[in-house]
Amino acid sequence: MLPLPTFEYAAPTTVLEASRLLGTPGSRLVAGGTDLLVSMKHRLFEPRLLVSTRRLGLRGVSVADGVLSVGAGTTLREVARHPTVLEHLPSLAAACRTVATPTIQGMATLGGNLMLDTRCLYYNQPAGWRASLGYCLKREGTVCHVAPKGRGCYAAHSADTVPALWLLGAEAEFVSVRGVRRIPVSSMYHDDGMAWLRLEPDDVLTAVHVPLAGRAVGHRKLRTRQAIDYALVLVAVRAPVDGGLWSAVVSSVSPSPIFVEAATPADLAEAAFRACQPLSTHLPAATWRKKMVRVEVARAAAALTSA
Amino acid sequence: MSDSTNEAAGERVVALTVNGDSVRRLCPSSRTLLDFLRVDLGLNGSKHGCDVGDCGACTVLVDGIPRLSCITLAVEVEGLAVRTIEGAGPDEARIVAAFDEHVASQCGYCTPGIVLCLSHLYSEDPAADDEAIRQALGSNICRCTGYTKILAAARAASQREASQPAQGGSDE
């Protein structure tokens with residue numbers, strides 16, 4: 001039995017009110033709750049106030065001027081089934097379908113996926129488990145068990161939709177009491193497992209805008225089981241346009257996704273292999289995950305070539 | 001929409017529909033939908049399994065879509081329609097009959113969640129094939145059966161729904 005900590009709850013009806021509430025100490029935004037509530041049961045978060053997105057009207061998909069706009073509160077299930085997504089952005093649909101399980105895809109939101117906490121073998125554990133190890137740097141402790149002599153937290157960026165959205169040129173729209181701004185998904189993240197989001201606490205992610213311009217992107221997720229599990233290596237690859245370069249985004253190997261580009265698929269796989277230095281944030285050996293970066297990038301590129 | 005009472009004590013009135021009945025209860029904001037069903041309403045058909053959204057034993061249908069009630073707050077389904085295994089209708093009964101026929105339920109702890117997931121699957125795809133069944137059941141863990149008999153039962157229930165009468169135990 002893992003009871004939730006006690007908290008106050010608010011379900012505001014405007015984004016500005018949500019932002020104002022999030023500006024007060026100890027508050028957090030909850031959308032699908034599929035990761036946040038588990039983390040709260042593990043006492044990774046003990047918010048004073050939960051601010052719900054459910055009455056903010058952020059659910060739905062629209063298409064205008066060659067751009068697909070997804071409300072941040074749209075479930076992954078709804079994104080993966082949208083006809084425009086299936087026709088023009090199959091990599092986004094594929095990424096949504098690899099998240100956890102079909103049931104969770106019907107609860108979790110696209111916005112929640114972009115804002116997903118970084119993950120680690122020593123962090124995503126029940127409170128008693130963590131206490132017995134003396135906690136970790138990311139939560140309550142002073143030592144990183146992955147890299148005791150390292151300089152920070154190496155918890156892995158694990159959001160399944162982000163590598164594909166990055167290469168599709170998606171932008172995230174945030175609203176706060178300071179106004180509205182759009183940030184490319186490619187510049188949302190820091191390489192720091194404890195402060196991986198370049199955002200303020202009162203920034204409310206309201207929508208994700210994805211251009212429909214036809215650049216082919218492939219998505220691959222390496223994991224132990226084909227359901228439930230988070231990624232061991234997450235890869236998106238984009239084919240070149242007009243003689244340009246191949247590009248790849250690799251995630252789940254560091255706190256921020258890693259971008260590389262190269263002239264050929266073989267060079268791309270090698271560049272990704274060299275750029276990624278996975279640590280023991282997951283159970284399978286880090287050396288094997290590093291080798292699998294090369295394999296998965298090559299497979300994603302091969303699938304694009306043969307398509 | 002009900003105004004919250006006792007908000008200072010972190011308690012709120014939650015009003016929703018459960019198996020067709022309107023329900024109102026005062027409960028803490030931190031009450032999960034699973035505890036709301038089991039503790040507040042005494043509906044013990046939804047099971048308390050892993051508690052962290054991995055196993056699917058707590059699955060209920062909210063507005064027709066499967067949800068994990070152990071990681072859903074009761075306050076978050078305010079105003080919505082919840083269906084548990086206690087609210088099973090003819091669609092679920094047919095799946096349960098197939099489970100009986102194929103001995104697909106052993107300890108039974110995972111069965112309510114699986115039946116509701118399959119019921120939702122067949123509501124969208126009455127003739128769901130093996131691949132669709134396997135995808136849907138990725139949401140549910142069973143520690144007894146090894147899944148073979150669950151798949152056989154699910155296959156039988158799917159074929160029946162597509163008006164091809166099952167031929168009886170020829171799956172081995």
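Predicted model: local features only at pLDDT ≥ 70, side-chain atom pairs only at ≥ 80, totals over all residues.

**Where the domains touch.** How many residues of domain 1 of chain B are in contact with domain 2 of chain B? I found 16 residues of domain 1, against twelve residues of domain 2. Next I asked which strands supply the domain 1 side. Strand S3 (59–62) and strand S4 (65–68) of chain B each give at least two residues to it. S3(B) has the largest share, with three residues. By class, I listed eight nonpolar, six polar and two charged residues on this side of domain 1 of chain B.

**Chain B against chain A.** I moved on to the contact between the chains. Here 26 residues of chain B are in contact with 24 residues of chain A. Which elements give two or more residues to the chain B side? They are S4 and helix H4 (130–137) of chain B. S4(B) makes the largest contribution, four residues. I noted that S4(B) also supplies at least two residues to the side of domain 1 that touches domain 2 of chain B. The chain B side that touches chain A holds ten nonpolar, eleven polar and five charged residues.

**A sheet in chain A.** I traced an open sheet of four strands, ordered S9-S10-S11-S12 (chain A), with antiparallel pairing. Strand S9 (217–222) and strand S12 (258–262) of chain A are the edge strands, each pairing on one side only. From one strand to the next, the twist averages 15 degrees.

I then checked one pair in detail. Strand S11 (residues 246–251) of chain A pairs with S12(A) in the antiparallel sense, over five bridges. For Ser247(A), I looked up the bridge partner in S12(A) and found Glu261(A).

**Helices across the sheet.** Which strands does helix H5 (residues 90–97) of chain A lie across? I found S9 and strand S10 (233–238) of chain A, with H5(A) running at about 15 degrees to S9(A). Helix H10 (residues 265–275) of chain A lies across S11 and S12 of chain A. I noted its angle to S12(A) as about 150 degrees.

Conventions. Residues numbered from 1 in each chain as written. Chains lettered and ligands numbered in written order. Contact = placed C-beta atoms within 7 Å. Nonpolar A, V, L, I, M, F, W, Y, C, P; charged D, E, K, R; others polar. Pairing = 2+ DSSP bridges. Axes fitted to C-alpha atoms, helices over the stretch in contact; angles between N-to-C directions.
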